[in-house]
Amino acid sequence: MKKRGLLNPFGISVLLLLAAVVLSVVVGSVTIPLRTLADVLFRGLQGGLSTLDPGGVYLKIIMQLRLPHAILILLVGAALAGSGAAYQGLFRNPLADPFLIGVSSGAGLGAVLAMLIDWPYAPLGLMVIPLAAFLGAALAVLAVSLLARVGKTVPTTNLILAGVAVSSFASAVTSGLMINSSGELRRALVWLLGGATRAGWEPVLAILPFMVIGLTGLVLVGHPLNVLQFGEEQAQQLGIRVQRVKWITVLLATISTAAAVAFAGIIGFVGLVVPHIMRLLYGGDYRRLIPLSILGGGAMLLLMDVAARTVMAPQEVPVGIITSLFGAPFFLWVLKRSKSQNYW
Amino acid sequence: MLEVSHLTAGYGKKHILKDVSFSLGSGQVLALIGPNGSGKTTLVRCISGVLPIESGVVRVTGRDTRSLAEQDRAKLMAVVPQVRTLPAAFSAREVVALGRTPYLNWLGQLSEVDMQVIDRSLQQVNMSEFVERNVSELSGGEQQRLFLARALAQETPLLLMDEPTAHLDLQHQVSLMRLIHRMAHPPAEDLQRGAQPKAILVILHDLNLLSRYTDRVGLLLNGELKLLGTPQEVLHSDALRQAYQLDLRVIRDAESGTEVVVPLEEI
């Protein structure tokens with residue numbers, strides 16, 4: 001915590017997040033003026049219609065399309081950034097990101113497998129996909145940590161190489177499955193590239209329990225992660241149950257990532273970029289870094305999503321493409337920086 | 001305070017420590033010496049619970065360490081590790097605050113008492129002016145003292161130190177050793193402030209520090225405790241010469257009573 005004050009980091013992040021939600025609701029094929037949005041929401045709360053929206057079309061667009069979409073994107077961004085920060089603390093490595101270490105691809109494989117099976121009950125299907133994604137993600141993180149480990153540490157290069165290997169493997173299997181499956185290939189592809197395809201509140205409600213468990217839990221592991229930065233041996237000598245902390249953190253981060261992937265596809269780099277910005281601005285104390293990353297991740301992905309919906313309008317670009325476009329150069333910058341400077 | 005009996009341990013099938021027994025009471029500094037690879041660090045890791053015990057028992061205040069949870073163990077003994085790399089994201093104060101971990105819940109919130117202990121620990125190692133400094137800006141000696149402050153913040157009756165004087169210049173070596181001695185033998189003013197005499201186990205390489213700052217010396221060789229005695233007994237023993245394969249001459253400084261070791265020919 002080098003820089004204190006700067007207003008209040010949490011206050012700024014919450015304001016940014018709210019602004020991003022409003023922007024996300026307002027922007028689209030029909031642009032809703034801010035004044036109209038305010039009036040429609042205000043009247044809507046009273047159960048009436050705004051004079052600016054006599055037919056109730058705006059109200060419908062806002063409540064049934066834009067707002068649930070914005071909240072889904074917010075939760076996904078929050079989950080990716082929050083789990084990214086947690087993975088970084090766990091691996092003691094600044095380049096850990098759910099996408100880079102293969103967790104997202106593992107979750108994607110799990111989800112695609114579940115999608116290919118025809119579930120007899122549709123409501124069940126909505127829960128089966130995140131669970132399958134979780135299993136895939138858990139297997140991937142296990143594989144990566146086994147492959148990358150040298151003695152007691154996980155060197156950066158090993159982590160990235162193991163992540164690339166596991167990720168490529170999972171992606172290859174996923175692609176193979178998709179090509180072999182007839183029918184909804186395009187839909188699955190758009191989903192996989194990070195376009196939230198289902199509209200309405202259903203996916204929001206389905207993702208919510210995973211997010212509540214995953215993100216609340218991640219906010220609570222900040223202190224043990226701080227102690228863990230001194231190495232497992234010292235953490236144990238300071239009274240931390242290291243194995244337990246590690247398992248709980250992996251579990252929580254993987255639940256969050258898997259739910260995000262199950263509902264929004266594979267979106268890279270949010271889990272890398274957001275924690276890094278927060279670390280640079282407000283320091284490396286995980287008790288602050290994780291909640292700030294969660295808030296910032298929501299805001300960041302909302303902005304990326306707005307960009308994805310507008311740059312090639314009326315065509316929507318999958319948001320995963322936009323995050324990679326911005327994220328990959330940032331990743332290279334961090335890689336260079338982490339070698340030359342010891343700020344980590 | 002610390003009781004080690006018939007301790008055998010190692011990595012895999014290789015026994016590094018063989019049937020080591022000794023005890024250490026409060027108000028004593030016990031130095032562990034021995035050639036590289038003789039098992040000194042392994043012994044400290046074993047006592048602190050990070051390396052499993054194969055056979056034998058380690059008791060602290062009469063309690064078998066294997067029956068203690070991590071948190072309770074960390075309230076009984078603190079370890080000052082050898083400084084290698086520090087995570088740079090922390091300020092000096094935050095590092096010392098982590099010493100309070102065994103007394104905190106998962107959220108790690110510090111109470112007023114915790115803050116006082118942290119301040120006092122920083123004062124004891126003369127680091128008060130560094131509190132807001134980032135650890136990456138500290139010198140090796142300052143980082144070493146910071147780790148000592150963190151261990152002091154654990155408020156444990158037993159302190160284990162792994163080569164705390166390595167990489168320190170002469171002045172810092174002496175001030176650190178004086179501090180160690182003082183913690184085991186607190187003067188009246190410290191006692192009035194509520195200080196308790198600590199039991200301190202310290203790994204040392206510099207034989208010249210023994211006579212002045214330690215009460216007893218244990219000589220480890222190939223995982224066995226060859227000799228345990230006063231600094232004078234150990235310095236003048238044949239076992240010491242055999243352990244290091246050196247002919248040694250011990251010279252006594254008449255004024256201070258300090259004994260220094262002059263290495264002569266290899267034997």
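This is a predicted model: local features need pLDDT of at least 70, side-chain atom pairs count only at pLDDT 80 or more; totals for chains, interfaces and linings use all residues.
## Chain A overall

Of the 344 residues in chain A, 50% count as buried. Among the contacts of chain A with a separation of 6 or more, 77% are made by residues 24 or more positions apart.

## Helix 1 against helix 3 in chain A

Two packed helices are described by the angle between their axes and the distance between the axes. For helix 1 (residues 9–26) and helix 3 (residues 57–91) of chain A, the axes come within 9 Å and cross at roughly 140°. Because angles over 145 degrees would be needed for roughly antiparallel, this value makes helix 1 of chain A oblique to helix 3 of chain A. The crossing of helix 1 and helix 3 of chain A is right-handed.

On the side of helix 1 of chain A, the contact involves A:Val21, A:Ser24 and A:Val25, which meet A:Ile62, A:Arg66, A:Leu67, A:Ala70, A:Ile73 and A:Leu74 in helix 3 of chain A. By residue class, this contact between helix 1 and helix 3 of chain A comprises seven nonpolar residues, one polar and one charged.

## Where chain B touches chain A

In the contact between the two chains, 23 residues of chain A meet 20 residues of chain B. Helix 2 (residues 70–76) of chain B supplies the largest share of the chain B side, with three residues. The chain B side that touches chain A divides into 11 nonpolar, eight polar and one charged residue.

## The six-stranded sheet of chain B

Chain B contains an open sheet of six strands in the order 6-7-8-3-9-10, with mixed pairing. Its edges are strand 6 (77–80) and strand 10 (224–229) of chain B, each of which pairs on one side only. Neighbouring strands of this sheet are turned by 15° against each other on average, direction ignored. Strand 6 of chain B pairs with strand 7 (residues 158–162) of chain B in the parallel sense over four bridges, and B:Val79 stands opposite B:Leu160 in strand 7 of chain B.

Helix 1 (residues 40–48) of chain B lies across strand 3 (28–33), strand 6, strand 7, strand 8 (199–203) and strand 9 (216–221) of chain B, and runs at about 145° to strand 7 of chain B. Helix 5 (residues 140–153) of chain B lies across strand 6 and strand 7 of chain B, and runs at about 175° to strand 6 of chain B.

Definitions and conventions: Residues are numbered from 1 along each chain as its sequence is written. Chains are lettered from A and ligands numbered from 1 in the order in which they are written. A residue is buried if 20 or more other C-beta atoms lie within 10 Å of its own, exposed if 12 or fewer, and partly exposed in between; C-beta atoms are placed from the backbone. Two residues are in contact if their C-beta atoms, placed from the backbone, lie within 7 Å. Axes are lines fitted to C-alpha atoms, for helices over the stretch in contact, and angles run from 0 to 180 degrees between N-to-C directions. Helices (H or I, at least four residues) and strands (E, at least two) are DSSP runs, numbered from the N terminus. Angles under 35 degrees count as roughly parallel, over 145 as roughly antiparallel, 65 to 115 as roughly perpendicular and the rest as oblique. A crossing is left-handed if the near helix is turned anticlockwise from the far one by less than a right angle, and right-handed if clockwise. Ala, Val, Leu, Ile, Met, Phe, Trp, Tyr, Cys and Pro count as nonpolar, Asp, Glu, Lys and Arg as charged, and the others, Gly among them, as polar. Two strands pair if DSSP finds at least two bridges between them.
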